Amino acid sequence: MRYTRYNYKPPRKKNNFMFVIILIIIAAITLGTILSKLLPKNIANTATEDSTTKTDLEKDSVGVSKSVSVSNIKDYVAIQCGNFGSKENALILKNSLMKFGTPFIIEENNSKKVLFGIYPKENIDVITKQLQVNKIEFVKVKFQLIAKDSTSAQTNEMISADIKILNSLSEKDTKAIDTVEFKKWLLALQGADEKSASYSSMTEIKTYLTALPAVVKKEKAEEGYIYIYKFIKKISAL
């Protein structure tokens, strides 16, 4: 009868191979520990700060931040090209400006002011240079909106978003603006305080913007500028 003999002792070569692998793992762990001690300690902190900044300034398709900072300040400039007692004269100037953008008329205290848009302060130079090249006289009407709490901060952000839409509509090649994503952003806003002095103003503009059509056409820009100009004037006086 033939017997098969099994050798339960592993070959010597395999032992050497496993030994080498273990040495490599130990060396890798040791090297990683040494390098971690040598790296600057503020690297981890810097990464955390960068991550927080990106979250706070996360943008959607219309370019407005999804999280609203309480301490935000918005500076705007309205371009006024004329001030008339006669509506007829105001219309003549307004019509002459239509080839450059979206002029509109504001009636205040028996005067008819012809304005040429409302812009963030940082963007105003591009507009004024265009008017200067075409020899159009103007004065700057400045507004500063300072948020005192989360409610007024939301109002500021909604004004900023609306002005961005209106300015886009005023561009030569723009025929309409899709507001679907913008409205989703509006509905997602949270943190408004009903006890805040600015709660009624915040509710007013949010209601107005939520009621905008899904697609806002170019011819609606003038109406939009009139509304937002009067709204900014009103809350600036509060």
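Guide: Start with residue classes: Ala, Val, Leu, Ile, Met, Phe, Trp, Tyr, Cys and Pro count as nonpolar, Asp, Glu, Lys and Arg as charged, and the others, Gly among them, as polar. By that scheme, the second largest pocket is lined by six nonpolar, eight polar and two charged residues. Mind that this is a predicted model, where local features need pLDDT of at least 70 and side-chain atom pairs pLDDT 80 or more, while totals for chains, interfaces and linings use all residues. Residues are numbered from 1 along each chain as its sequence is written, and side-chain values use heavy atoms, leaving out hydrogens and water.

Visitor: Which residues lie nearest the centre of the second largest pocket?

Guide: First, the idea: rolling a probe the size of a water molecule over the atoms shows where empty space is left. On a 1 Å grid over the protein atoms alone, with a 1.4 Å probe, a pocket is an open set of points with protein on both sides within 12 Å along at least five of seven lines, and lining residues have an atom within 4 Å of a point. Here, Ile-146, Lys-148, Ser-152, Ile-235 and Leu-238 lie nearest the centre, among 16 lining residues.

Visitor: And how much space lies in the largest pocket?

Guide: A volume is the space filled by probe spheres set on the grid points, which are joined across faces, edges and corners. For the largest pocket that's about 540 Å³. Its lining has 24 residues, with Tyr-119, Pro-120, Asn-123, Lys-164 and Asn-167 nearest the centre. By class, ten are nonpolar, nine polar and five charged.
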